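Colleague: Could you take a close look at one helix pair for me, and at what sits around it?
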Amino acid sequence: KPKVVVVGRSNVGKSTLVRLLTGDKRVRVGKRPGVTLRINEYELKNYTLVDMPGFGFIKGRPKEIEERVKDNIVRYLEENADQIATAIQIIDGKSFIEIVERWKDKEIPIDIEMFDFITELKISPILVVNKMDKIKKNERDKILNSICEYLKMSPPWHQWKFIVPACLKKGEGLDEIKRLINKRVEVFKKLK
Ligand code: GDP
């Protein structure tokens, strides 16, 4: 069965999406960040949904754990690349830019590193820009375009069909995410 992988920093809304896709009420939303270090797999009808632990800096968590989480995700993607139909990367539209600005001169921000890595492995991405409700309507395009530029894609953002602005808390964007997943899973099955 093809795999659909979900990655993202802690607190971006990863559990919210996993819960919506699996319908599994045991998936806990809004838990203390960094609690799950495990890779969870859910057998769905047409694919296996793989929920990765949240990566990146978490207050009070040692840097070694952050590194280990990242290494585990990278290793999983490398070892399973040929079985992965798509990788859904979730970012928080509002804090993405702040975090990137803060770190860009010191190191490559982990979200950008992860996106580059997924592309290098030739895994087709779905980029969910979540928490759009926290961004003013008249700033949305500007922010989505800067996100594009940071990820080395030219604006305007809407030419990239795999970028999905979302408000998962309200279920907005979910249909488009499902549509893209199904398309990727179908293409993947044909290629096998
Ligand atoms: P995870 O740590 O990435 O698994 O994130 P969760 O799914 O647990 O969500 C973290 C927090 O963000 C929770 O309090 C959610 O209710 C909240 N959240 C999820 N989606 C949205 C959204 O679209 N907008 C806003 N404002 N908050 C959201």
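Is the crossing of helix 3 and helix 5 left-handed or right-handed?

Modeller: Quick housekeeping before the answer. This is a predicted model, in which local features need pLDDT of at least 70 and side-chain atom pairs count only at pLDDT 80 or more, while totals for chains, interfaces and linings use all residues. Residues are numbered from 1 along each chain as its sequence is written.

The crossing of helix 3 and helix 5 is left-handed, meaning that the near helix is turned anticlockwise from the far one by less than a right angle (clockwise would be right-handed). Helices here are DSSP runs of H or I with at least four residues, strands are E runs of at least two, and both are numbered from the N terminus. Helix 3 covers residues 93–103 and helix 5 covers residues 140–150, with axes that come within 10 Å and cross at roughly 45 degrees. So the two helices are oblique to each other: under 35 degrees would be roughly parallel, over 145 roughly antiparallel, 65 to 115 roughly perpendicular, and the rest is oblique.

Who touches whom? From helix 3 come Gly93, Phe96, Ile97 and Val100, and they meet Ile143, Ser146, Ile147 and Tyr150 of helix 5. Contact means C-beta atoms, placed from the backbone, within 7 Å. Six of these residues are nonpolar, two are polar and none is charged.

Now the chain on either side of helix 5. In the loop between strand 5 (125–130) and helix 5 you'll find Lys131. Its phi is near 60 degrees, a positive value in a residue other than glycine. Lys131 counts as buried because 22 C-beta neighbours lie inside 10 Å; 20 or more is buried, 12 or fewer is exposed, and in between is partly exposed. In the loop between helix 5 and strand 6 (163–165) sits Pro156, and the peptide bond from Pro155 to Pro156 is cis, with omega near 5 degrees.

Leaving aside residues within four places in sequence, its contacts include Val6, Lys14, Leu17 and Val128. Asn11 belongs to the loop between strand 1 and helix 1, and has a positive phi of about 75 degrees without being a glycine. Asn11 is partly exposed, since 18 other C-beta atoms lie within 10 Å.

Technical notes:
Axes are lines fitted to C-alpha atoms, for helices over the stretch in contact, and angles run from 0 to 180 degrees between N-to-C directions. Two residues are in contact if their C-beta atoms, placed from the backbone, lie within 7 Å. Ala, Val, Leu, Ile, Met, Phe, Trp, Tyr, Cys and Pro count as nonpolar, Asp, Glu, Lys and Arg as charged, and the others, Gly among them, as polar.
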